[in-house]
Amino acid sequence: MQAHYLVNDSSQIFTPALLFYKDLIRRNIAALVRWVGNPTRLRPHAKTHKTREIIRMELDAGITKHKCATLAEAEMLAQVGAPDVLLAYNMVGPNCTRLAKLIGKYPRTRFSVLADHPAGARMLSDAIEKAGVRAYVVLDLDVGQHRTGVAPGPEAAALYELIAKLPGLVPDGLSTYDGHNHQDSPSERTAAVQALLGPVLELRAELEKKGLPVPRIVAGGTPTFPVYAKLKIPGLECSPGTCVLNDNGYGSKFADLAEFIPAALLLTRVISRPTPKRVTLDLGYKAVASDPPAGKRCILLNVPDYEPILQNEEHFVIETPAADRFAPGDIVFAMPTHICPTCAMHQQAYVVEDGKVTGTWQIASRDRVLTI
Ligand SMILES: Cc1ncc(COP(=O)(O)O)c(C=O)c1O
């Protein structure tokens with residue numbers, strides 16, 4: 001286990017615990033800026049950590065544009081003074097009114113939001129107009145993931161024109177999130193990005209010809225960040241999220257992203273030794289994200305040759321020939337496979353600096369509602 005993860009005194013840490021390594025987070029943020037050359041080309045996603053203090057660290061590094069997925073994250077960003085927030089989600093139903101309230105309550109933040117359908121855009125326009133505010137709208141393009149968005153082409157152009165006409169809405173660019181581009185090979189990822197960008201740039205040119213400004217193209221997550229970071233397209237904003245904390249999922253898959261160091265771990269304790277080879281930890285799937293399959297949700301850093309056997313809500317049972325070395329109360333460090341939903345399972349993170357716990361940070365926007 002690497003020395004930078006060790007904690008001198010864990011006696012006051014309630015397990016299962018989320019640990020944030022502040023220096024490693026700072027290094028990951030610095031790496032982001034270094035890769036793009038200028039922080040104005042970044043729009044990192046806050047969904048990974050949902051934490052005010054990390055947003056402040058990004059602001060200190062000169063990053064002024066942020067992305068988020070929920071209204072609570074958007075409010076958290078505004079609370080810490082983030083000047084430019086893209087809520088990368090379609091607003092429907094009462095969330096349209098909530099967004100209008102948010103825009104009214106935090107006038108120093110410029111909020112933008114996604115749309116991908118005329119019905120959604122109309123609903124949003126009604127709520128925004130009623131509240132007497134203005135919302136910037138980024139058109140969500142489907143560039144291959146088929147999760148949300150409209151394919152670049154005539155339908156997308158018509159929707160952008162509609163947004164420009166709807167009261168209270170201001171068209172603000174294009175979003176091209178390519179979460180399906182997870183190719184191991186960097187050259188295959190590069191080719192996939194180049195292929196998807198052609199129709200996007202054609203759409204932009206067509207809209208601009210019609211006099212509709214397209215000030216930004218918000219592109220990609222962590223796997224395609226190395227590709228977008230090198231492109232010199234006007235208004236291109238890179239929007240990785242995970243790499244600020246990073247995890248074993250991305251860390252073990254993408255060799256070209258090795259510069260991003262996993263900066264969040266879980267601390268767990270042995271709670272039982274039910275059989276000679278078994279060790280049971282207080283690390284159930286209510287403390288580590290369970291979107292990876294059972295047995296692959298984390299790696300244990302200080303247990304040799306173990307095999308995952310069973311995981312329940314608050315228990316993780318492993319077998320290891322070294323079980324004799326572990327007794328109830330012993331500390332085990334785990335690196336999650338997927339850090340983003342793992343953070344959302346914890347109320348707070350213990351902050352570790354130089355091997356010492358120096359405080360706790362609230363995972364502030366794990367709550368669905370802050371004030372609005
Ligand atoms: C719209 C959008 N943008 C950016 C990201 C960040 O991607 P990653 O987690 O690969 O950094 C995500 C992740 O889910 C996303 O949904």
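Which residues surround the ligand, and which are the closest? Select the ligand and its shell: 13 residues surround it, the closest being Y177, G221, T222, G241 and T242 (a residue is near if its C-beta atom, placed from the backbone, lies within 6 Å). Colour that shell by class and you get five nonpolar, seven polar and one charged residues (Ala, Val, Leu, Ile, Met, Phe, Trp, Tyr, Cys and Pro are nonpolar, Asp, Glu, Lys and Arg charged, the others, Gly among them, polar).

A quick note on what you're looking at. This is a predicted model, where local features need pLDDT of at least 70 and side-chain atom pairs count only at pLDDT 80 or more, while totals for chains, interfaces and linings use all residues. Residues are numbered from 1 along each chain as its sequence is written.

Now switch to cartoon for the chain: there are 10 helices and 16 strands (DSSP runs numbered from the N terminus, H or I of at least four residues for helices, E of at least two for strands).

Next, select residues 71-79, helix α3, and residues 95-105, helix α4. Their axes come within 11 Å and cross at roughly 0 degrees (lines fitted to C-alpha atoms over the stretch in contact, with angles from 0 to 180 degrees between N-to-C directions). That makes α3 roughly parallel to α4 (angles under 35 degrees). Show side chains where L71, A74, E75 and A78 in α3 meet N95, R98, L99 and L102 in α4 (contact puts C-beta atoms, placed from the backbone, within 7 Å). By class, this α3 and α4 contact has five nonpolar, one polar and two charged residues.

Finally, zoom out: the C-alpha atoms fill a box of roughly 70 × 45 × 35 Å along the principal axes.

Definitions and conventions:
Parallel < 35°, antiparallel > 145°, perpendicular 65-115°, else oblique. Contact = placed C-beta atoms within 7 Å.
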